[in-house]
Amino acid sequence: MPPQLTEIPPQPKTPEEEEVFKNLWSIRPCYLYNEEYDDCTSIRARFHQYFIHGDSIDCNQWKRDFDNCIRFERNPNDTKSALELIESEKVRRTERLGAHYGNDVWKKRDKVPDDWAKPLPENLQKEYENSYLELKAKELRGEVEPSKDDGRTMCVIM
């Protein structure tokens, strides 16, 4: 597990330490990097990579991230390993969200619509009446007594 905030010096002395302190949240527990590497190099993953990409992908970044995480975990003052790990996470996040940020089809909202909480249309309100969802909503609001759950299910196998 990466060093906790309590293990990092409270007042960063260098810009590198400040950058690590600011982005410590992005570092995953070390075992996850190792699991990602093992998964990436498995036969199943290699088959999937070949099917999707036409070739196997390079999994060495997961191994480098695992090694950097272990070094940083053992020595919380190792800012070089931490910064490499943080940069790798930034690249991974940017790549994963690239399609979202590159989307030019939908206009992004600045605020919620004025009528976002308006009542449902009449036909949907009729469907909502006496439904399980309405019963649970009334229970949460305290309008009716919670139903007694005696552990039985309504599932019947014929």
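**View 1. Tyrosine 33 and its contacts in a predicted model**. Leaving aside residues up to four places away in sequence, Tyrosine 33 touches Ser26, Ile27, Arg28, Trp62, Asp65, Phe66, Cys69, Leu85, Glu89 and Arg92 (a contact means heavy atoms within 4.5 Å). Since this is a predicted model, local features need pLDDT of at least 70 and side-chain atom pairs count only at pLDDT 80 or more, while totals for chains, interfaces and linings use all residues. Residues are numbered from 1 along each chain as its sequence is written, and side-chain values use heavy atoms, with hydrogens and water left out.

**View 2. The largest nonpolar core**. Tyr33 turns up again here: with Ile27, Cys69 and Phe72, Tyr33 has the most contacts inside this core of 15 residues. Such a core is a set of buried Ala, Val, Leu, Ile, Met, Phe, Trp, Tyr and Cys residues joined through side-chain atoms within 4.5 Å; buried means under 20% relative accessible area, exposed over 50%, and partly exposed in between, with a 1.4 Å probe and protein chains only. Helix 2 (30–40), helix 4 (60–74) and helix 5 (79–96) each supply at least two core residues, and helix 4 gives the largest share, five. Helices here are DSSP runs of H or I, at least four residues, numbered from the N terminus.

**View 3. Tyrosine 132 on the surface**. Tyrosine 132 lies in helix 8 (residues 132–141) and is exposed, with a relative accessible area of 60%.

**View 4. The whole protein for orientation**. The protein has eight helices and zero strands, and 22% of its 158 residues count as buried.

Conventions:
Patch = residues over 30% accessible without salt bridge, like charges linked within 9 Å, V, L, I, M, F, W, Y side chains within 5 Å. Areas by Shrake-Rupley, 256 points an atom, 1.4 Å probe, with all protein chains shown as cover. Salt bridge = Lys/Arg side-chain N within 4 Å of Asp/Glu carboxyl O.
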